[in-house]
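Take a look at the protein below. Keep the sequence beside you as you read.

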Amino acid sequence: QLRVFRILRSLKIVNQLQSLKIIVSTILTAFRSMGFILLLLGVFVFIFGVLSLTLFDACTNSPDTTLLYQDKYQDLGHAFLSLFQLVTLDAWFRTQADIAKVVTPAIVALFYIVWIILGSFVFRNVFIGVMVKNFESISDELSALQKKEEAERARKQKKRQLDAALNRLQRKTVSTSQSGPREGTPRGSDGATNAKDSSTGTTVPMLTD
């Protein structure tokens with residue numbers, strides 16, 4: 001069974017690809033910032049769930065065997081699932097038409113229209129807006145961080161090149177000083193050879209032929 005967890009190793013690719021990293025960071029940040037939006041959505045789901053149990057009770061307890069979606073609102077759990085199905089707009093017209101056979105069609109239509117506008121359009125567009133906003137901000141942050149890292153690498157590379165140039169210059173200076181002319185007989189500025197008088201200790205210029 002532990003071999004199943006090896007599949008999680010594939011998540012390492014997220015750190016290697018910049019685009020995937022931005023998407024994952026956007027999703028995580030969006031869920032943190034959508035806490036109050038999800039709470040508000042939960043309140044509306046609870047309100048419409050309880051309301052649907054009251055409005056569609058006649059459909060749930062109807063003896064009509066031709067109803068296909070009679071159990072959609074038989075309890076709060078089924079009501080929540082039905083409301084989620086309406087948010088996805090999956091077969092909403094068939095369920096609305098089936099319930100309208102027993103319940104007043106105007107009430108059913110008003111309930112469905114209001115919930116579809118709130119759930120499918122308002123909240124879904126709010127979620128998309130939050131995702132797009134977080135995607136742009138995280139993308140800008142990662143781009144700025146990448147530029148900063150590139151600038152830091154360029155600065156370090158220039159520093160290494162400067163240090164290498166200074167080291168070469170120092171080695172060249174040392175090599176030049178070591179390979180220079182050895183000390184010999186000193187010469188004067190006029191080309192004469194200077195000789196030191198042993199008795200007086202002074203240097204006496206001597207002309208050469």
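## Ground rules

This is a predicted model, in which local features need pLDDT of at least 70, side-chain atom pairs count only at pLDDT 80 or more, and totals for chains, interfaces and linings use all residues. Residues are numbered from 1 along each chain as its sequence is written, and side-chain values use heavy atoms, with hydrogens and water left out.

## Overall layout

The protein has seven helices and two strands. Both kinds of element are DSSP runs, numbered from the N terminus: helices are H or I with at least four residues, strands E with at least two. From the N terminus, the order is α-α-α-α-α-α-α-β-β.

Of the 209 residues, 23% count as buried. Buried means under 20% relative accessible area, with a 1.4 Å probe and protein chains only. Now take the contacts (heavy atoms within 4.5 Å). Among those with a separation of 6 or more, 59% join residues 24 or more positions apart.

## The pair α6 and α7

Two packed helices are described by the angle and the distance between their axes. Helix α6 covers residues 92–99 and helix α7 residues 105–178. They pack at an angle of about 155°, with axes 9 Å apart. The axes are lines fitted to C-alpha atoms over the stretch in contact, and angles run from 0 to 180 degrees between N-to-C directions. α6 and α7 are therefore roughly antiparallel, a label for angles over 145 degrees.

Which residues meet? From α6 come Trp-92, Thr-95, Gln-96 and Ile-99; from α7 come Pro-105, Val-108, Ala-109, Tyr-112 and Ile-116. By class, this contact has seven nonpolar, two polar and no charged residues. Ala, Val, Leu, Ile, Met, Phe, Trp, Tyr, Cys and Pro count as nonpolar, Asp, Glu, Lys and Arg as charged, and the others, Gly among them, as polar.

## The largest nonpolar core

A nonpolar core is a set of buried Ala, Val, Leu, Ile, Met, Phe, Trp, Tyr and Cys residues joined through side-chain atoms within 4.5 Å. The largest one has 23 residues. Those touching the most other members are Phe-56, Tyr-73, Leu-83, Ile-99, Phe-111, Tyr-112 and Trp-115. The elements giving two or more residues are α3 (35–55), α5 (76–87) and α7. α7 gives the most, with seven.

Not counting residues up to four places away in sequence, Phe-56 touches Tyr-73, Ile-99, Val-103, Val-108, Phe-111 and Tyr-112.

## A closer look at Gln-85

Gln-85 sits in helix α5. Is Gln-85 buried or exposed? Gln-85 is buried, with a relative accessible area of 16%. Leaving aside neighbours within four places in sequence, Gln-85 contacts Lys-72, Asp-90 and Ala-91.

Conventions
Angles under 35 degrees count as roughly parallel, over 145 as roughly antiparallel, 65 to 115 as roughly perpendicular and the rest as oblique. Buried means under 20% relative accessible area, exposed over 50%, partly exposed in between (1.4 Å probe, protein chains only).
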